[in-house]
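Hi,

Here is the structure I promised to pass on. Have a look, and my notes follow below.

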Amino acid sequence: MGVFDKLERGLERAVKQPFAKVFKAEVQPVEIASAMRGAMDDRAAVLGPGRTMVPNVFTVELAESDYERLSSYSHALTDELVAAAEDHADAQRYVAPGPFEVRLVSGEELETGIFRVRPAAKDGRRGSGERGAAREFAEAQQAQDSRREEQAREQAERQRSQQDERAEASYEEAAYRRPTQPARSRRRTGPSLQIDGRQIPLTAAVTTLGRDEECTIVVDDPGASRKHAEIRIGHDGPHQQVILRDLGSTNGTYLNGEQVGSEQLRTGDRITLGRTHITVQLEG
């Protein structure tokens, strides 16, 4: 069970008794807490080595019926949500420009059971070292978004170029292939990983993953450890085995949503390091 899973269970237990008659099939506190966690992870901005800043003010828009139902308990509920946000920030080693705040508001266009979380950054700490933290966060966020857009454009351009090259090669091969030439058998490929649209073959017996430049596959993710995990390829008799092993990472290695220490991989498995998702493709 991950850190935030424990937080959600604790939050659920904390509100279960007093709110048992209030929270039925509508919005649940753990759903709001989970959405806040996702907003923190999605909007995290790296300001420097070991310093990742996240939003600290969360406005939760609720349907009018949900808002009326929750408003009587807003103080207790927001206290629990603030505590969950603080614990998640500590677990992920995030910093914030000020104290965490949660605000519940009514959204007229929302239907019962539907809610939105709008994150924002607000300065709230004293001291010259923290002045303008929200502006610093906004600038870092803008720069990070620009880098991601540029990377997406470059990746799309590379994919188009590769597709054009493959199409041209296929055309030339078809044009010059002898009519009597027997069709070649489908070439089998070895294990590979798909990361951010890239297909990376696993050609070594041991492949390391992490933020360290010495890793076989460098994962540019503040939630990943320097040496986070490794993938080993071996054989059990005639059968190939591909094993994922955590290397004592800070935030843990997850396979299909479950934290693992060492586990055999199969085609279609999803590995998660920090906020990076990796899809496994074995020999085809």
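A word on burial to begin with: buried means under 20% relative accessible area, exposed over 50% and partly exposed in between, with a 1.4 Å probe and protein chains only. This is a predicted model, in which local features need pLDDT of at least 70, side-chain atom pairs count only at pLDDT 80 or more, and totals for chains, interfaces and linings use all residues. Residues are numbered from 1 along each chain as its sequence is written, and side-chain values use heavy atoms, with hydrogens and water left out.

Phe 58 and Phe 100 are both buried. They also form the one aromatic pair that a search of the whole structure finds (rings of Phe, Tyr and Trp, the last by its six-membered ring, pair if their centres lie within 6.5 Å; planes under 30 degrees apart count as stacked, over 60 as edge-to-face and the rest as tilted). The ring centres of Phe 58 and Phe 100 are 6.5 Å apart and the planes meet at 15°, so this pair is stacked.

Now the largest pocket, with about 1200 Å³ of space. A pocket here is an open set of points on a 1 Å grid over the protein atoms alone where a 1.4 Å probe fits, with protein on both sides within 12 Å along at least five of seven lines; lining residues have an atom within 4 Å of a point. Volume is the space filled by probe spheres set on the points, which are joined across faces, edges and corners. The lining numbers 37 residues, and Val 219, Asp 220, Asp 221, Pro 222 and Thr 276 lie nearest the centre of the pocket. Domain 1 (3-124 + 133-140) and domain 2 (192-281) each contribute at least three lining residues, the bounds coming from an automatic or database domain assignment.

Best wishes
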